[in-house]
Structures are given as C-alpha cells and as structure tokens.
Amino acid sequence: MQPRNMSMSGVVDLAAVKQAQEAKAKAEQARAEAARNGGTGAVSPADLVIDVDEARFESDVLQRSTEVPVVIDFWAEWCEPCKQLSPVLERLAVEYNGRFLLAKIDVDANQMLMQQFGVQGIPAVFAVVAGQALPLFQGAASETQIRQTLDQLVQVAEQRFGLTGLAVDPEAEPGAAQAAAPERPAGPHDAALEAAVRALDAGDLGGAVQAYKNVLAEDPANTEAKLGLAQAELLQRVQGADPQRVRQEAADKPGDARAQIAAADLDLVGGHVEDAFGRLIDTVRVTAGDDRDTVRLRLLELFEVVGADDPRVAAARRALARALF
C-alpha cells in the first residue's frame, strides 16, 4: 500500500474518513479482547521504538497505525542532524508512554519507502494514523516544536480516530503483546460492507448505496454503514455535475436552496469543509419553510460524512443552532 499525504487540518479524504471509523472499531475490539483475556495488551518501553524496513512496513507501520499513531523517523548513518534528532524522538517516545510508536527507517537501505513518502531531504519526520500519512516536519526542529507537533498528533489520533495509544508495562517482555495480539473476528455484516466498498471502488455508486442500506435495514445503528451510505450518496449526487455551472448558479442565486445545496456538495467533495458548512448555514438564515428544512437536513447529512468528532462539525452545529433560533 502506497502512503498518501494528508494534512491534519486539511481536506476531507472520504477514504480516510472511512478508515477512521474502521480504526475506532479495531481499537475498541482490541481493548475488549484484551479485557476478555484478562490482560491489558501492554508493551514494554523497548517496544515503543522499532526499526522498520520495506518488508515489514505493512505490518509494523500500516497495520499498527490502526492501534496507535506511528511516527516515522527517516534517517541515515552519515546524516549529522539525524544524530541529533533521533535520540530526542526516541526519548520522547518513551516519555509519551505509548501515545505514539516511533518507527526508524534507514533511507540508504529503504529507497522505495523514501520515494513513496516524497522525502526530499533528511532528517524527515512523518506520521501514519489509520493508514494515512501525515507530513510532520523536515530538518532541524527544537524540542519545544517537536513536542507541540506530537501533542497535536496524539490529539487528532484520539479525537478523530479513537486511538488512545498503547498500554506500557515496564516489566513486560519486549514484543510479547504484539505476538499475542488476537485477530479481529469477522462481524455479521462484514461481507456486505466489503461488497459495498468493492462497489465504490468500481464506481458503482448505486450498488454501494443499496449495499449500505441493506446493512442498515438489519442493523440501523451500524456506524460504518451509516458513514458509508452518507459518502456514497454524496458522491452519487455530484457525479456528472458541471462544477463551473453549479458554482455560477450558486453565485447568481444566493437565496436558492437547491443551488446552494449543490454547491455545498461540491465544496465538501473538494475538501472545503468549512465553506460547505458556512454556505448552508448562511442559506438557513435567508430561507424559510420547506426550503429551510431541506437545507438543514442536507447539512446534517454532511455532518455524517465528516464525522461527529470533527471540531468543524461541532462548531457548525453551534452556528446552525444560532441560525435556527
């Protein structure tokens, strides 16, 4: 799997939103399994800093990133700044007590990974959260700046992805918890959900919508199906739309509910989350009756796509309440 860049405060990546929900489910599943087995799944401090190569990147970084944020330190033996930065990162990994895992990658031995992440120079530090790559910083950085970046990372990982980190036991044997980690059992709707994802990947949006609806018919509270349905319906609405025409119509008709809803859908798909929310909240203020209710309901649907834990959703909910009352 090739890593992708994603800003912590940037666009809405629909695949990333889905992976956030999956990561939350897997994290909760792992904690529940550990509790049923009478253990905590604790790791030793030595497990918090690992050397990773191309062969083990999938298991040691991508898979682990569904449990804990993985910070990647790209370094080389000949790199003098790396020799100053790496010990700081290693010390902070232990100090943060399992809130992130530090993966060290020697660029001389792992050129492909360096190219996939687009590393232009070292030291370079990235993070992977729920399979998504986040560029953190490149070159020298003060410990204060590093701490600020790590604090932001662990906050985003917990709030948006449900990743609370690893339990650390100083007396645990290195590698024991990972070796004993239980497999996630298949859920009753996994096959249907996988079919929906395959339909999305194939561009069959109608098939994906129906597959998610089938799951919700049997399990109305299924979080992944709710999120998937909201995503698929959004993509279905913008499919074939002429962005220039839609945006021009919205500009010409600022009080037209249909025109503003169509433009808000495009805003969200393009990653302009606050623009989409702000557009519809402004439209709520200037409309009434059925039009106003239609706009309000579409805004609530877009909240589902972004996710209730996103701070932009919380802010928009407050703004909507003020606009309504």
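**Note on a predicted model: helix pair, cores and backbone**

1. Helices H12 and H13 cross in a left-handed manner, meaning that the near helix is turned anticlockwise from the far one by less than a right angle. This is a predicted model, in which local features need pLDDT of at least 70, side-chain atom pairs count only at pLDDT 80 or more, and totals for chains, interfaces and linings use all residues. Residues are numbered from 1 along each chain as its sequence is written, and side-chain values use heavy atoms, with hydrogens and water left out.

2. The axes of H12 (residues 273–286) and H13 (residues 289–306) come within 9 Å and cross at roughly 160 degrees. H12 is therefore roughly antiparallel to H13, a label given to angles over 145 degrees. Axes here are lines fitted to C-alpha atoms over the stretch in contact, with angles from 0 to 180 degrees between N-to-C directions. Among the residues of H12 that meet H13 are Phe277, Leu280 and Ile281; on the H13 side they include Leu299, Leu302 and Phe303. Contact means heavy atoms within 4.5 Å.

3. The protein has 14 helices and five strands, taken as DSSP runs (helices H or I, at least four residues; strands E, at least two) numbered from the N terminus. Of its 325 residues, 47% count as buried, that is, under 20% relative accessible area with a 1.4 Å probe, protein chains only; exposed is over 50%, and partly exposed is in between.

4. The largest nonpolar core has 29 residues. Such a core is a set of buried Ala, Val, Leu, Ile, Met, Phe, Trp, Tyr and Cys residues joined through side-chain atoms within 4.5 Å. Elements giving two or more residues to it include helix H2 (57–63) and strand S2 (70–75), and S2 supplies the largest share, four residues. Apart from this core lies another, of 28 residues, among them Val238, Ile281, Val306 and Ala316.

5. Val61 is one of the residues with the most contacts inside the largest core. Leaving aside residues up to four places away in sequence, Val61 touches Val52, Arg56, Val70, Ile72, Ala103 and Val128.

6. Some backbone details deserve a look. A cis peptide bond, with omega about 0 degrees, joins Ile122 and Pro123; Pro123 is in the loop between H4 and S4. Asn97, not a glycine, has a positive phi of about 55 degrees and is partly exposed at 45% relative accessible area. Ala130 also has a positive phi, near 50 degrees, but counts as buried at 3% relative accessibility.

Note on methods:
Angles under 35 degrees count as roughly parallel, over 145 as roughly antiparallel, 65 to 115 as roughly perpendicular and the rest as oblique.
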